[in-house]
Amino acid sequence: MNYKHTYLWMRVVVHATLQIGWLIGIYTAFFHAKALTIAWGVFVGFLAIQGIGLGAHRGSTHKSFKATPPLRVALIIFQTMSGQNSMFTWTRDHLLHHKYSDTDADPHNSNRGFFFSHMGWLMMKKHPLVLKKQREIDVSHLRADKLVMFQYRYFLPLYFLVGVLFPVAVPMYFWNETFWCSFFVPYVLQYVTNLHITWSINSFAHLWGSKPYDK
């Protein structure tokens, strides 16, 4: 616990900007956006959270079900839409989280406090033990999956297409919403809200929830 994480200041700026954009999105939703735009944002957010909860978590990490090819494609599109890293990266980090839960090999070790486990871990250099275990953990099943690796290689352009451009363009094209409302409600507001929902499992649940797992 004497290890001191180093802040990556560019990431700090990005996350601070996202939180400011989130507040602007809340204000815009209440006072400026059309009802259809808000509904569209909720729908996009629902699809994105399925990409994380069903696709990356229950499907890719825990292999709780076997998806048909069309469902696999849909879930990886939704997971891309969530903007929470590629399916490969998300699954690898979550495998580490379960195998080394609440230790220094856990990317978001809750023993380092609420802020670190909630979002601080994304703004700091990874602990050396996390990097070591990342290299050792078996992700051969992910590397053998052509769909997962395609998304991994082209994640940024794919994310811009389905996670940014698509949510923003639909309200502008179909019901003449302003760019401001289309950007801050269906994109920024839903994106950061989904981030906080996901992060809360790492922070609130691990700090104050029941802990039935083997320490």
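User: Which residues lie nearest the centre of the largest pocket?

Analyst: Gln84, Trp90, Trp121, Leu122 and Trp199 lie nearest its centre. Keep in mind that this is a predicted model.

User: Good to know. And how many residues line the largest pocket?

Analyst: The lining is made up of 49 residues, and about 1400 Å³ of space lies in the largest pocket.

User: Which helix gives the largest share of that lining?

Analyst: That would be helix 10, with 11 residues. Helix 10 covers 179–208, and at least two lining residues each also come from helix 1 (9–31), helix 2 (35–61), helix 4 (87–99) and helix 9.

User: What about the lining by class?

Analyst: For the largest pocket there are 22 nonpolar, 19 polar and 8 charged residues.

User: Switching to helices now. At what angle do the axes of helix 3 and helix 9 cross?

Analyst: They cross at roughly 80 degrees, and the two axes come within 8 Å. Helix 3 spans residues 69–82 and helix 9 spans residues 155–175. Angles of 65 to 115 degrees count as roughly perpendicular, so helix 3 is roughly perpendicular to helix 9.

User: Which residues make the contact?

Analyst: From helix 3 you have Ile77, Thr80, Met81 and Ser82, and from helix 9 there are Phe155, Leu158, Tyr159, Val162, Gly163 and Phe166. By class, this contact has 7 nonpolar and 3 polar residues, with no charged ones.

User: One more thing: is glutamine 134 buried or exposed?

Analyst: Glutamine 134 counts as buried because its relative accessibility is 14%, and the cut-off for buried is under 20%. You'll find glutamine 134 in helix 6, which runs over residues 128–136.

User: What does glutamine 134 touch?

Analyst: Leaving out residues up to four places away in sequence, glutamine 134 touches Arg92, Asp93, Leu96 and Lys126.

Key
Residues numbered from 1 in each chain as written. Predicted model: local features only at pLDDT ≥ 70, side-chain atom pairs only at ≥ 80, totals over all residues. Heavy atoms only, no water. Axes fitted to C-alpha atoms, helices over the stretch in contact; angles between N-to-C directions. Helix = DSSP H or I, 4+ residues; strand = E, 2+ residues; numbered from the N terminus. Parallel < 35°, antiparallel > 145°, perpendicular 65-115°, else oblique. Contact = heavy atoms within 4.5 Å. Nonpolar A, V, L, I, M, F, W, Y, C, P; charged D, E, K, R; others polar. Buried < 20%, exposed > 50% of the residue type's maximum accessible area, 1.4 Å probe, protein only. 1 Å grid on protein atoms, 1.4 Å probe; cavity = no way out; pocket = protein on both sides within 12 Å on 5 of 7 lines; lining within 4 Å. Points joined across faces, edges and corners; volume = space filled by probe spheres on them.
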